[in-house]
Amino acid sequence: MSYFRPTIDALAGYVPGEQPQQGGLIKLNTNENPYPPSPAVLEALKQAIGDRLRLYPDPLARAFRRAAADVLGVGEDWIVATNGSDDALTILTRSCLSEDDLMVAPTPSYPMYRVLAQIQGCRFESRRFTDGWELSGDFMAGARLGYVPNPNSPTGTMLPPASLLALARSAAGLLVVDEAYADFADANCLDSVRQCERLVVTRSLSKSYSLAGIRFGFVVAQPAIAQTLLKVKDPYNCDALAIVAATAAIRDREYFRAGVEKVRATRRRLEAMLRELGFSVTPSHANFVWVRHSQPVRPIYEALKERKILVRYFDFPGFGTGLRVSVGTDDEIEQLGQALRAIV
Ligand SMILES: *Cc1c(COP(=O)(O)O)cnc(C)c1O
């Protein structure tokens, strides 16, 4: 007999991208920002280390909520602060799904949704994109919770906010638009949250704010929804240093905008370079590029790794293989190009 629930014994578990702890690598595999966070973050952290560590953090992270509410133009009670946006996904899954309920997510997409469903012990179905990277009008059919990353990972493709709003309006359950990469795109679903209470947005400070090491994300939802999520989260889900860092980061608008612009400019360069090298490149709205090639890509991934360049290799059942390359600095992309010219 096992000590664990059958669903946990059967679980393969989420396999994160490689996080090697030695230096000397060009790391283009988990969509981190190649630039450091705002200097205001380091200043705020230094002060917090001096006088915040003895006490519990604010359970609501109100300093962050105020800052985020200012920036996004919503009320503070529309924001739920979370320990990375993965924590937001966990809270939403726990809040919505009983054993017989259905979670849906697109494929190919973020593999974490399925893992969350398995842990929860609910049903899960993945639904394919159309040829034009849209979702069919019945995407939410039968589902109590749907997850759609927008822009999507690993493809970098994007659905128009109007399509997602239509899906949410036709749904019986909540549609969560995972906007981990929305800061790199031209559009997002914040307005739709105002228009439909079934549409919920999650955001991350890991990518566009260069804070993957800090673990901070948040939910934007209508106040009645947000209030319920607060009941489910761990009491102190965001630590004191994370709250301080995230608040300073989101307040520094100028640094944020400049950083996003740099990444977008390098993304265009990266796409052009990969196309020139014979890859089939899906136009990206995020801080990474999804590519396929007429030759198998696994050996390309391995050859890059031998040259100390990490990208992410994916194999989606029923869809196939590809490489996801994060946007690094211009210099890193140049070195990637040199390596690839020797490989393909
Ligand atoms: C990176 C990522 C997340 C998780 O972000 P954290 O805030 O670091 O937990 C969530 N969803 C998608 C699609 C991601 O790529």
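How many bridges join strand 3 to strand 5, and in which sense do these strands run? Select residues 102–107 for strand 3 and residues 145–149 for strand 5: two bridges join them, and the strands run parallel. Helices (H or I, at least four residues) and strands (E, at least two) are DSSP runs, numbered from the N terminus. Two strands pair if DSSP finds at least two bridges between them.

Before going on, note that this is a predicted model, in which local features need pLDDT of at least 70 and side-chain atom pairs count only at pLDDT 80 or more, while totals for chains, interfaces and linings use all residues. Residues are numbered from 1 along each chain as its sequence is written, and side-chain values use heavy atoms, with hydrogens and water left out.

**Stop 1**

Now show the whole sheet: it is open, has seven strands in the order 2-8-7-6-5-3-4, and its pairing is mixed. Look at the edges, where strand 2 (79–82) and strand 4 (123–128) each have a single partner strand, so one side of each is left without a neighbour in the sheet. On average, neighbouring strands are turned by 20° against each other, direction ignored. Next select residues 223–232, which are helix 8; this helix packs on the sheet and touches strand 2, strand 6 (174–178), strand 7 (199–204) and strand 8 (217–220). Contact here means heavy atoms within 4.5 Å. The direction of helix 8 makes about 30° with that of strand 2. For such angles, axes are lines fitted to C-alpha atoms, for helices over the stretch in contact, and angles run from 0 to 180 degrees between N-to-C directions.

**Stop 2: the ligand**

Then pick serine 85, where a backbone N or O atom lies 2.6 Å from an oxygen atom of the ligand. In serine 206, an N or O atom of the side chain is 2.6 Å from a ligand oxygen atom. For the side chain of lysine 207, the distance from an N or O atom to an oxygen atom of the ligand is 3.1 Å. The protein covers 93% of the 380 Å² of accessible area that the ligand has on its own; accessible areas come from the Shrake-Rupley method with a 1.4 Å probe.

**Stop 3: a salt bridge**

Select arginine 144 and aspartate 101, which form a salt bridge with their closest N and O atoms 3.8 Å apart. The term stands for a side-chain nitrogen of Lys or Arg within 4 Å of a carboxyl oxygen of Asp or Glu. The two residues are 43 residues apart: arginine 144 is in the loop between strand 4 and strand 5, and aspartate 101 is in the loop between helix 4 (85–96) and strand 3. The count of salt bridges comes to 16.

**Stop 4**

Move to the open sheet with the order 9-10-13-12 and antiparallel pairing. Strand 9 (280–282) and strand 12 (312–316) are at its edges. From one strand to the next, the twist averages 30°. Select strand 13 (residues 320–326), which pairs with strand 12 over five bridges. Helix 10 (residues 253–276) packs on this sheet and touches strand 9, strand 10 (288–292) and strand 13.

**Stop 5: backbone details**

Most residues other than glycine have a negative phi, and most peptide bonds are trans. Select threonine 107 and proline 108: a cis peptide bond joins them, with omega about 0°. Another cis bond runs from asparagine 150 to proline 151. Last, pick alanine 61, whose phi is positive, near 50°.

Note on methods:
A polar contact is a pair of N or O atoms within 3.5 Å; within protein, one must be able to donate a hydrogen and the other to accept it, and residues adjacent in sequence count only if both atoms are side-chain atoms.
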